[in-house]
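Open the model in your viewer and keep the selection panel at hand. This tour goes from stop to stop.

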Amino acid sequence: QPQYEVEFYAGNKEYDYEINAKTGKITSVDFDIENFTVPSGDTGDYISETKAKEIALDHAGVSSSAATFVQVKLDWDDGRPEYEVEFYTNGKEYDYEIDAITGDVRSYDYDAEYYAPSTSTGTTTKPDGTKVQTETKPDGTTIKTETKKDGTVTKTETKKDGSSVTETKAADGSTGTVKTDKNGNTEAETKVSAKAVEDAKKSGEAVKAPVEVKASRDSSTAPTVKVELPKNSGDTKVEIPVSNVKPGTVAVIVHPDGTEEIVKNSLPTADGIQLTVNGGATVKIVDNSKDFIDTRNHWAKDAIDFVSARGLVSGMSGTTYAPDASTTRAQLWTILARQNDADLTGGATLYEKAQLWSKDKGISDGTQPDAAINRAQMVTMLWRAMGEPAVASGASFADVPADSYYAGAVAW
């Protein structure tokens, strides 16, 4: 049981009390030390508190990072100065008496196993009804437990060094764990329940994984998320919550051999990144925005960040995009070929493989590669790349003849 050790002196007697910290009951009292001499307070020849702590830890074989000190107090016993050192680690409480002059260990005790340090707790309720319980331990560790109205429970334990573990169990049975070390590196994993997949597919929406990560600019330090779906789920849209999502945020698939590949059809949402998963996948969440200097205040910045982050469109250089320059037919062939994962390696020119691909797919006749593309040609190629979907009615623009090659595309 935790207890207070109270020591004082009066006249020529020293009194020692042990008081139960929970009940207040006096469990021990001692005032047998008569002829007690009040210390002069001159500590010039004494070892320091820091040294006393080091001696105790070294004797116990405990590292300073693993110990939490309750007290280090200079006292007198039988006319001799000593340090009373108390700390705990791994469920054990250690008590040492160390000679303040020689540094010798006069006595020690670590029989109090299962020592439970006191904690402080507090509970609040958010406007949406979520109950938040916060517990703070003496070593600085905080544990926050959030319980939503639908029954979803999220528990986050954060240590003094900044490392944390967050565990979530959603109301639909899905689970998620996010671990962040003291250097900020994050690994997460989630198991999506069959009910969550079923409900999402019925509604036509993505199933939301019960984890949240923060995208990184550097792939080597980006958070890794392992997604596991129930067997026979088939292609399933999954949304991974991202705290700092933006148009240039992408999911990067990590293949079993360790190679990485940007998921071009990963889409940023209001709360995260969405991608299609079949069975399971391990992905990194990366902020792949290019930050071209000539698009920072441009009206098309978000769209440019989106396509350039996914490798669909390249800049004119590593720092410029030329957002107001015209686009050639060859450039659009290349964009569409990249979007469809065509192999564009090789070729006599930068665009030859894309040119051949566009002709083979019936998207373009492949002529005039360096000519600027007009709006009719552009919309027609986009329409053909989508499989020429049917439209309910024709275009209603005065400058679009009903029998023009681009009428169906414009109407689409």
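Are Phe292 and Tyr321 buried or exposed? Select both: Phe292 is buried, and Tyr321 is buried too. Buried means under 20% relative accessible area, exposed means over 50%, and partly exposed lies in between (1.4 Å probe, protein chains only).

Before moving on, note that this is a predicted model, in which local features need pLDDT of at least 70 and side-chain atom pairs count only at pLDDT 80 or more, while totals for chains, interfaces and linings use all residues. Residues are numbered from 1 along each chain as its sequence is written, and side-chain values use heavy atoms, with hydrogens and water left out.

**Stop 1: aromatic pairs**

Searching the whole structure gives six aromatic pairs. Rings of Phe, Tyr and Trp (its six-membered ring) pair if their centres lie within 6.5 Å; planes under 30 degrees apart are stacked, over 60 edge-to-face, and the rest tilted.

Select Phe69 and Phe87. Their rings make a tilted pair, 5.3 Å centre to centre with 50° between the planes. Phe69 is in strand β4 (residues 68–77) and Phe87 in strand β5 (residues 80–89), 18 residues apart. Helices (H or I, at least four residues) and strands (E, at least two) are DSSP runs, numbered from the N terminus. Phe69 counts as partly exposed because its relative accessibility is 26%. Phe87, at 0%, counts as buried.

Go back to Phe292 and Tyr321. They also form a tilted pair: 5.5 Å centre to centre, 40° between the planes. Phe292 lies in the loop between β22 (280–287) and α3 (301–309), and Tyr321 in the loop between α3 and α4 (329–339), so the pair ties together parts 29 residues apart in sequence.

**Stop 2: around Phe69**

Now show Lys53. Its charged end sits over the ring of Phe69, 4.6 Å from the centre. That label requires NZ of Lys or CZ of Arg within 6 Å of the ring centre and within 35 degrees of the ring normal.

**Stop 3: Gln377 and its helix**

Select Gln377 in helix α6 (residues 375–385). Its relative accessibility is 17%, so Gln377 counts as buried. Leaving out residues up to four places away in sequence, Gln377 touches Arg329, Ala372 and Tyr405. Contact means heavy atoms within 4.5 Å.
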